[in-house]
Structures are given as C-alpha cells and as structure tokens.
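Subject: Structure handover

Hello,

Here is the structure for your records. My notes on what was found in it follow below.

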Amino acid sequence: MPASERQHAGLLLSKEVLWLACKEKTCCSVRVVFVTDRDVARIASAMHVEPWSFLAYYETPPRPDAFILDASGQHYCLALAKQPTRRTVTPAPCIFLVQTRDRYRRCGLGDLRPAACKTFPSEIVEGVLHLALQSGCSCRTWSHGDVDIEAESTIARWREAELSDYCSVVARWNDLVLARQAGDDEFDLDDFCAYLLSTSDAARHPIQAVSL
Ligand code: SF4
Ligand code: SF4
C-alpha cells in the first residue's frame, strides 16, 4: 500500500514502526534538537507550559537560524533542554525522554515532537533524500529501505520549508533587537520566546503538524 494511503488509513509508516520499537532512543541523548517557532508554539500550547521551561539556548557562530539578544554580535540557537544529570561521560537525555519500568525509552511528546525529530535521520541534499549515516543512532544503520521514500521526502521538504520560515522570523527579531534605543529594556530568552509565540500560526492551530 502506498505511503499516502497508509497515512490516510491511520496505519504506521516503516520509520515510525522502527522508531516506536527502539528501546534505546540513543539519538534522543546524543543530539541537540534545534527547534523552530512552530515547534515551540505547538508544544507550549498543547502542553500548557511556558516555552522557557523546556528550552535551552547555546552560543553559536552566526547562522540563519541564530538569534541575538543585544548588539554585541553574540548569536544563539534555540534547542530542547536536556535533563539535569550528574553524569559527565554520557550525554544528557532530552527533557522529554521518559523511561518505562522495564527500561524502554519513550518520547514523552509523541506526535508533538519537533520537526527535527520527525525527520531524523533524513534530510534533503541537493534535492535528493539523504539518510545520515553518522547520525547519532546506535541501534541500526539506516538505509532507504527503512523508510517510505515518498512520505519521507515529503516530511523532509516540509521541515526545510519550516526552517526557512523560522529563519525569516529570527531575522525580523534580530532587526528588532538592533533597533533598540539606548536605555530600552534588555532582551532575554523569555522575550524571544514570547515573540515566537506571538508570530507563530502554530500557536493558533496547535495540532496541525504534519504526521510522519
Ligand atoms: S522530543 Fe522526543 S524524539 Fe525528540 S529528542 Fe526529545 S525524546 Fe527524542
Ligand atoms: S534513530 Fe536510532 S536510536 Fe533513535 S529511535 Fe531510531 S533506531 Fe533508536
């Protein structure tokens, strides 16, 4: 049955079956999950939580999705926070990763998870679907046979489009910051998150993410 018909019938696609069956979820610890305004708005709205309660920001060289808080030139990228841990050798798990009593790891967000998680480990490179081999997955070596190519390409392109929109949103924020007058209030992460919520249509339509 074609991927589109499987989705229409409410059936799971190949990658989703593999994802649900994976008890390790290594990728949910080793990766930093970068988010967009729509991810933030969808999660915050559906879970009734403030964005800064599940987000972290990291210093980064300038890049299209990096925001500023002042005119110093320091850029930051927005990502899901990690769980507090005393371990220093192994990477900290995603804040939404949960573990069952029989030690299966599960994503606490399910279908609300960010686009970066839904598409992982796929990306579009020069118009072609590419499955990253050095992906942070310790459980399998991904191949095109593991995914429904049509559905996977669709969702990878959807993520690219969302990311492009997010870069435009960030660019407008950065212009706002640079237009600040001396003596105006300083901006912080809460202000940036509030701006994202105010601009994202996902805040008004919280569950309209494309399903995998
Ligand atoms: S949101 Fe879910 S799928 Fe994404 S990294 Fe966190 S636990 Fe894993
Ligand atoms: S990418 Fe790998 S580690 Fe992550 S859920 Fe899938 S099989 Fe598990």
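In which helix does Ala115 lie? Ala115 is part of helix α5. Helices (H or I, at least four residues) and strands (E, at least two) are DSSP runs, numbered from the N terminus.

Two points on provenance come before the rest. This is a predicted model, in which local features need pLDDT of at least 70, side-chain atom pairs count only at pLDDT 80 or more, and totals for chains, interfaces and linings use all residues. Residues are numbered from 1 along each chain as its sequence is written, while chains are lettered from A and ligands numbered from 1 in the order in which they are written.

Confidence

The protein chain has a mean pLDDT (the predictor's confidence in each residue, from 0 to 100) of 86, and 87% of its residues reach 70 or more. The pLDDT is below 50 over residues 203-212, a stretch that has 19 contacts in the model beyond near neighbours in sequence. A contact is a pair of residues whose C-beta atoms, placed from the backbone, lie within 7 Å. Where pLDDT is low, the predicted coordinates should not be read in detail.

Overall layout

Seven helices and six strands make up the elements of the protein chain. Their order from the N terminus is α-α-α-α-β-β-β-β-α-β-β-α-α. Of the contacts with a separation of 6 or more, 66% are between residues 24 or more positions apart. Buried residues are 25% of the 212 in the protein chain. The classes are: buried, 20 or more other C-beta atoms within 10 Å of the residue's own; exposed, 12 or fewer; partly exposed, in between; C-beta atoms are placed from the backbone.

Ala115 counts as buried because it has 26 C-beta neighbours inside 10 Å. Leaving out residues up to four places away in sequence, Ala115 touches Thr36, Asp39, Arg159 and Glu162. Thr36 is 79 residues from Ala115 in sequence, and their C-alpha atoms are 8.2 Å apart.

Helix α4 (37-47) is mostly covered, with eight of its eleven residues buried. These are Asp37, Arg38, Asp39, Val40, Ala41, Arg42, Ile43 and Ala44. Their cover includes β1, α5, α6 and α7. Just after α4, His48 has a positive phi of about 55°.

Beyond residues up to four places away in sequence, Leu80 touches Val33, Val35, Phe54, Leu55, Cys94, Ile95, Phe96 and Pro114.

In helix α7 (residues 189-199), Phe192, Cys193 and Leu196 are buried. They are on the same side of α7, because they cover an arc of only 100° around the axis, taken over the directions from the helix axis to the C-beta atoms. The face turned away from this buried side carries the exposed residues Asp190 and Ser198. Cover for the buried residues of α7 includes α4, β1 (55-60) and α6 (149-178).

Ligands

Ligand 1 is surrounded by a shell that includes Lys25, Val33, Leu80, Cys94 and Arg113; a residue is near a molecule if its C-beta atom, placed from the backbone, lies within 6 Å of it. That shell divides into ten nonpolar, no polar and two charged residues. The residues around ligand 2 include Trp19, Cys22, Lys25, Cys137 and Arg140, and its shell has six nonpolar, two polar and three charged. Here Ala, Val, Leu, Ile, Met, Phe, Trp, Tyr, Cys and Pro count as nonpolar, Asp, Glu, Lys and Arg as charged, and the others, Gly among them, as polar.

Backbone

Most residues other than glycine have a negative phi, and most peptide bonds are trans. Phe120 and Pro121 are joined by a cis peptide bond with omega of about 0°. Arg103 has a positive phi, near 70°, and is placed in the loop between β3 (97-99) and β4 (105-107). Glu126 has a positive phi near 50° and lies in the loop between β5 and β6 (128-131).

Regards

Note on methods. Two residues are in contact if their C-beta atoms, placed from the backbone, lie within 7 Å.
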